Amino acid sequence: MENQIELDIPVEHEQNIFGQLDKYVRKIEKTLNISVILRDGSLLLKGSDAACEHAEHVFTELLELSKRGNTITEQNVDYLLALTQEDSKVSLAEIDKELLGYTISGKPIRPKTLGQQKYVGQIRDKMMVFGLGPAGTGKTYLAMAMAIAAFKSDQVGKIILTRPAIEAGENLGFLPGDLQQKIDPYLRPLYDALYQIMGADSFLKNTEKGLIEVAPLAYMRGRTLDNAFIILDEAQNTTPAQMKMFLTRIGFGSKVVITGDLSQKDLPFKTESGLEVAVKVLDGIEDIGFSYLTNKDVVRHPLVQKIVHAYEKYEAKQAYRESRKKHK
C-alpha cells in the first residue's frame with residue numbers, strides 16, 4: 001500500500017538539501033524506491049510505509065544539519081541512506097554538535113559518523129586507543145585535532161607525531177638529499193594536517209621550542225615520553241619489536257593514539273605486523289580502547305568509499321578461497 005508524507009523545507013535550505021540539479025533528491029529516490037515531489041517550501045514523499053519513514057528521517061536530518069550551518073555533502077546523504085538500510089535512527093545532527101576545534105581557516109572540526117564519534121569518545125576517556133580502519137576514515141586527522149586541543153588547553157605539554165619509515169617500493173638510500181630530506185616524505189601527511197589545523201607559523205614556533213615533534217618511529221627508542229599526546233600513525237607498518245618498543249616508551253600523564261589499516265601493509269612479504277600482534281596481546285586491558293572504523297566512516301570523496309568497499313569485497317573473497325584450499 002502506498003503512503004504519502006508531506007514535509008516542510010524552508011526555501012533558504014532547499015538548494016543545500018536537494019543538491020545541485022536536485023542530485024541528492026534523485027539519489028534518495030533511487031535508493032529508497034520512493035517518489036519525491038518538490039513544491040515551494042514542501043516535499044511530498046510517496047512510497048511504502050517503511051520507505052516514506054526512512055526518507056522522512058533522511059530529509060529531517062539533512063534539514064537539521066543545514067540549519068546548523070553545514071554545507072550538505074554527498075557523504076552526508078550516503079551515510080544517512082546507509083543507516084536506513086540498517087533501520088538505524090542515528091542522528092547526524094547530534095553527532096555534529098561535538099566540536100573538536102577549528103582549522104586555521106575557521107572551518108569546524110567534528111566527527112561526521114557514529115564510528116568517528118565513538119572513536120573520539122574513546123580518545124577522550126582512555127589513556128591509549130587503537131584506531132583501525134581504511135583510508136579516509138579520519139583516524140589520524142581526528143586524533144591530531146584532539147592532540148592540538150589538549151595541547152592548547154594545557155592538558156599535555158607536548159605533541160609527538162611519529163610514523164615508521166617503511167619503504168613502499170622505494171629504497172631510502174637511493175632517494176636524494178640528507179637523512180632529514182629522505183625521511184620527510186614519510187612524515188608529509190602529518191605536517192599537512194598540522195598546518196591545516198594550527199597553521200604553519202604556530203607549528204614552526206612550537207617545533208623550535210621542542211613542544212611539537214614529528215619524527216620517524218626509530219627516534220623514539222631509549223626515551224620515556226611523559227606529559228605528551230603521542231600519535232603513532234601507519235602502525236600496520238611496524239614490526240612486533242618496534243611496536244613493543246614504542247608501547248613501553250609511554251610515561252606518566254601521556255595519552256596515546258595508534259592508527260593503522262591492516263589491509264595496507266608495506267612490510268616485507270610474510271612479515272608479521274606489530275599492530276596485528278598488539279591488538280591480540282592487549283585486548284581486554286581496561287585502559288586501552290579499540291575503535292574499528294569501516295568503509296561507512298569514510299569521509300573523503302564518495303568514490304573513495306566505493307573503492308574501499310570494492311577492495312573489502314575482493315579481499316573477503318580471496319580469504320574465503322584461501323580457506324577452502326587449506327581444507328581440501
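In this predicted model, Arg163 sits in strand 7, which spans residues 158–163. Is this arginine buried or exposed? With a relative accessibility of 12%, Arg163 counts as buried, because the cut-off for that class is under 20%. Its side chain has a polar partner: a contact of 3.3 Å links the side chain of Arg163 to that of Glu234. Arg163 can also be placed relative to Leu187, which is 24 residues away in sequence and 6.8 Å away in space, C-alpha to C-alpha.

The core holds 32 residues, and the members touching the most others are Met144, Leu194 and Phe229. Helix 7 makes the greatest contribution, with nine residues. Which residues does Met144 touch, once those up to four places away in sequence are set aside? Its contacts are Leu161, Leu190, Ala193, Leu194, Ile197 and Ile231. Apart from this core lies another, made of 30 residues that include Leu43, Phe59, Tyr79 and Val90.

Attention now turns to a pair of helices. Two packed helices are described by the angle between their axes and by the distance between those axes. For helix 3 (residues 49–67) and helix 4 (residues 74–85), the axes come within 10 Å and cross at roughly 145°. The crossing of helix 3 with helix 4 is right-handed. On the helix 3 side, the residues that meet helix 4 are His54, Val58, Glu61, Leu62 and Leu65. On the helix 4 side, their counterparts are Asn76, Val77, Leu80, Leu81 and Thr84. Sorted by class, this contact comprises six nonpolar, three polar and one charged residues.

Arg324 belongs to helix 12, which covers residues 302–326. Arg324 has a relative accessible area of 44% and is therefore partly exposed, as this value falls between the limits of 20% for buried and 50% for exposed. How far apart in space are Arg324 and Ile212? Their C-alpha atoms are 50 Å apart, with a sequence separation of 112 residues.

Methods: Residues are numbered from 1 along each chain as its sequence is written. This is a predicted model: local features need pLDDT of at least 70, side-chain atom pairs count only at pLDDT 80 or more; totals for chains, interfaces and linings use all residues. Side-chain values use heavy atoms; hydrogens and water are left out. Helices (H or I, at least four residues) and strands (E, at least two) are DSSP runs, numbered from the N terminus. Buried means under 20% relative accessible area, exposed over 50%, partly exposed in between (1.4 Å probe, protein chains only). A polar contact is a pair of N or O atoms within 3.5 Å; within protein, one must be able to donate a hydrogen and the other to accept it, and residues adjacent in sequence count only if both atoms are side-chain atoms. A nonpolar core is a set of buried Ala, Val, Leu, Ile, Met, Phe, Trp, Tyr and Cys residues joined through side-chain atoms within 4.5 Å. Contact means heavy atoms within 4.5 Å. Axes are lines fitted to C-alpha atoms, for helices over the stretch in contact, and angles run from 0 to 180 degrees between N-to-C directions. A crossing is left-handed if the near helix is turned anticlockwise from the far one by less than a right angle, and right-handed if clockwise. Ala, Val, Leu, Ile, Met, Phe, Trp, Tyr, Cys and Pro count as nonpolar, Asp, Glu, Lys and Arg as charged, and the others, Gly among them, as polar.
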